[in-house]
Amino acid sequence: MVKFLKQFEGQLVPEWKEAFVDYWKLKKDLKKIHLLNNEKTENKKQTNYSSSTLVSTINKYTSLGMKQREHKVIQVHQKLAASASKEYTYETELLEQFADTDAAIEFFACLDLQLNKVNQFFRTKEKEFLESGQSLKKQIEILIELKTAVKQQRAKGPSFQDTKEEDSISGTISCDEESVKDRTEQEQGLENSTDELDKNNMQCTESPTYGELGKSMRMRKEDGKFRSLSGRIINYQGKNLRIHIPMTNPTRTFSSITYLLWDDLVNQSSKKCGPDENKLHINRMKLHHAEKMIRGAFIELYKGLGYLKTYRHLNMLAFVKIMKKFDKTFMYFQVTNKQVLPIYIRVVESSYFNSSDKALKLADEVEELFIKHFAEDDRRKAMKYLKPTQRKESHSMTFFIGLFTGCFLALFVGYVIMAHITGMYRPKSNTVYMETVYPVLSMFSLLFLHFFLYGCNIFMWRKTRINYSFIFELSPTEELKYRDVFLICTTSMTAVVGVLFVHLSLMSKGYSYAQVQIIPGLLVLVFLLVLVCPFNIIYNSSRFRFLSVIRNIILSPLYKVLMLDFFMADQLCSQVPMLRNLEYVACYYITGSYKTLDYGYCMRTTYYRDLAYAVSFLPYYWRAMQCARRWFDEGHKSHLVNLGKYVSAMLAAGAKVAYEKEKSVGWLCLVIVMSSAATLYQLYWDFVKDWGLLQFHSKNPWLRDELMLQRKSIYFFSMGLNFILRLAWLQTVLPYNFGSVDYRVTGLFLAALEVVRRGQWNFYRLENEHLNNAGKFRAVKTVPLPFHEMDDED
């Protein structure tokens, strides 16, 4: 049977962990009482039997008095809090039976503190969700009325332009760049929340409340508020409403500006026909985007209400369990048969967090509204979005992981033996093979090693209850589990090593390079085709998400930076050798050099050498542009400091490439200076900013206050390992080969060490991000809403 503490920690909401009952602390206080009562029991054994018989006889004939004393074991007082919020706090008074026990007093003081904490947090979150619910109700009402009006407008046809102004519906979309900085956190959680329903969502700003809605609506364009793009509004029922679409990517920017320019042209032409024609009509496309945003907000609200329900249930269960343990402790050591559980649990049951049903009613109402407006009265369809079912991990997946792992190891051992026999990896080996085939193996090895470590990261994140899905804004039904990652890695590497094993076997049997040289190129082409395959096969949702993230990275200054975007850009910074191998393989096969086996053609080409410089610092450039975009959106100077780190790495990478070409003393000195400065910069940022470590005033010396891992030595070991792996660039200036191994094999080993360093960095980076979310109790995304009410001052 699983202990309740493990069950409790396994089911609680990770971001709300500090707001739950501190069950471990209560158990610790209860152990103190257990030890004290154990000492008292040993003292009681020294009394004679006659006195105990006399006491039992008196208790037998004074059952009424006994019942009265049972009701006076403890007394819980309800007091009004000092604040003006009319909140009640609870304080337990211990009567004579426990007055001499300091541990019992401490226990009940801690118990009251936990009860008051739970009530306060529940009240705060309930108020937050109720306000969101009210805002959503008004949003859906406005949406329904606008959709009805648009249908009426379409039904009246072209002659509708000549009708009365009171029966018309017109409006504008606002593109406000100036207010983006104030809404960064709200807009960041929008894109993935609605991607679960539709890939073509739009982001908007959060809206407050609205007035009552009428059946007929009139929206006029006010000349005084059309002076800039940020002033476009809708006048509705005497209130100024605005549909706000931030220009977070090039597509939305182009779409919004095109619409506004077309709107201005239509309005200018309409002025010639009369003042009554000065209207801007809201089409179905804009309402469709608004509907998707409101739908995403409903899903997040329902998820939050579900978390609140779990919060209530687990806390109530924790109070019952700890009071049962308290009663068992005293019933075991004391002669009297008093029970504290019924008295205190009645107070807990009547407290606010257990008695308030506002959240439950709101959850039912949200469910009904979602079924009605977004699921066409189909409850099963609605539950797919409100309560998505997790994919079950089958035993067949574990079987195939083991199967392909065994196949990979067997093929790899065979490949190594054959390579040793043919002498391919020795310094004086066949140059054609090392220059043409080995880059393909090196590229895939680094790629899938990185992917394998990502699977290990997922396993550790789940083990330590780090909500990586929420941080990365991944769909719970489409995200990759660690078993999926391991299956992809083992299957892919089995295919790669198997093809290269066949290729090497054909060469050993006497086939010429011209006959078998196309095989590695076909292998790369097949993987690229699988990556961009449009069909619903081989984790298509994850592949499309990966391609969209790569697009965002390449166009970094033009896209709003999300957590997953800069996380993936950091991964690319550790894959520069893989990118350079990919560049060479692409050049070798695209230029047709494989037909003549002229592997040095690309090296002699000026464009290729220039591109080699670009590939070496492009990942750092993309990451620097992301930092610049985040500074532009959020205004925090720390992003500029982070930008400097990637600029230094960019300069060090460029100097390293130049030294590989020139091999002069001047370039060597420049590499040492630039790489040393970049390494110190990166180490400081790793430990202090990304990991949140090296805190001098922390309760954990040199570490942060909150740690996800119990063993502190792991953090110190990781810091030391990170420091060593950061110095791998020294091999560039102090070249060393392992025995008779080719220098390219040594380079692969050093590149693999950088990938390992990035793998451990990933865990601590997300640990820091998780603790930041938990510190703010953010468990659901803040989804902006489309309609925003403006007052006269705005």
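Let us begin with helix H12, where Ala359, Leu362, Ala363, Val366, Glu367, Leu369, Phe370, Ile371 and Phe374 are buried. Please bear in mind throughout that this is a predicted model. In an α-helix there are 3.6 residues a turn, so residues three or four places apart point the same way. Among the buried residues of H12 are Leu362 and Val366, together with the charged residue Glu367.

How many residues does helix H12 have, and how far does it reach? H12 covers residues 358-374, which is 17 residues, and spans 23 Å from its first C-alpha to its last. That is close to the 24 Å expected at 1.5 Å a residue. Just after H12 comes Glu376, with a positive phi of about 55°.

I turn now to Asp633, which lies in helix H26, residues 606-634. Is Asp633 buried or exposed? Its relative accessibility is 2%, and it therefore counts as buried, the cut-off being under 20%. From C-alpha to C-alpha, Asp633 is 8.0 Å from Lys560, although the two are 73 residues apart in sequence.

Finally, the surface. Lys3, Lys6, Lys31, Lys321, Lys324, Lys325 and Lys328 together form a positive patch there. Which element gives the most to this patch? Helix H9, residues 284-333, does so, with 4 residues. Another member, Lys3, is found in the segment before helix H1, which covers 4-11. Lys3 counts as exposed because its relative accessibility is 61%, and the cut-off is over 50%.

How values were computed. Residues numbered from 1 in each chain as written. Predicted model: local features only at pLDDT ≥ 70, side-chain atom pairs only at ≥ 80, totals over all residues. Heavy atoms only, no water. Patch = residues over 30% accessible without salt bridge, like charges linked within 9 Å, V, L, I, M, F, W, Y side chains within 5 Å. Areas by Shrake-Rupley, 256 points an atom, 1.4 Å probe, with all protein chains shown as cover. Salt bridge = Lys/Arg side-chain N within 4 Å of Asp/Glu carboxyl O. Charge placed at Lys NZ, Arg CZ, Asp CG, Glu CD. Helix = DSSP H or I, 4+ residues; strand = E, 2+ residues; numbered from the N terminus. Buried < 20%, exposed > 50% of the residue type's maximum accessible area, 1.4 Å probe, protein only. Expected span 1.5 Å × (residues − 1).
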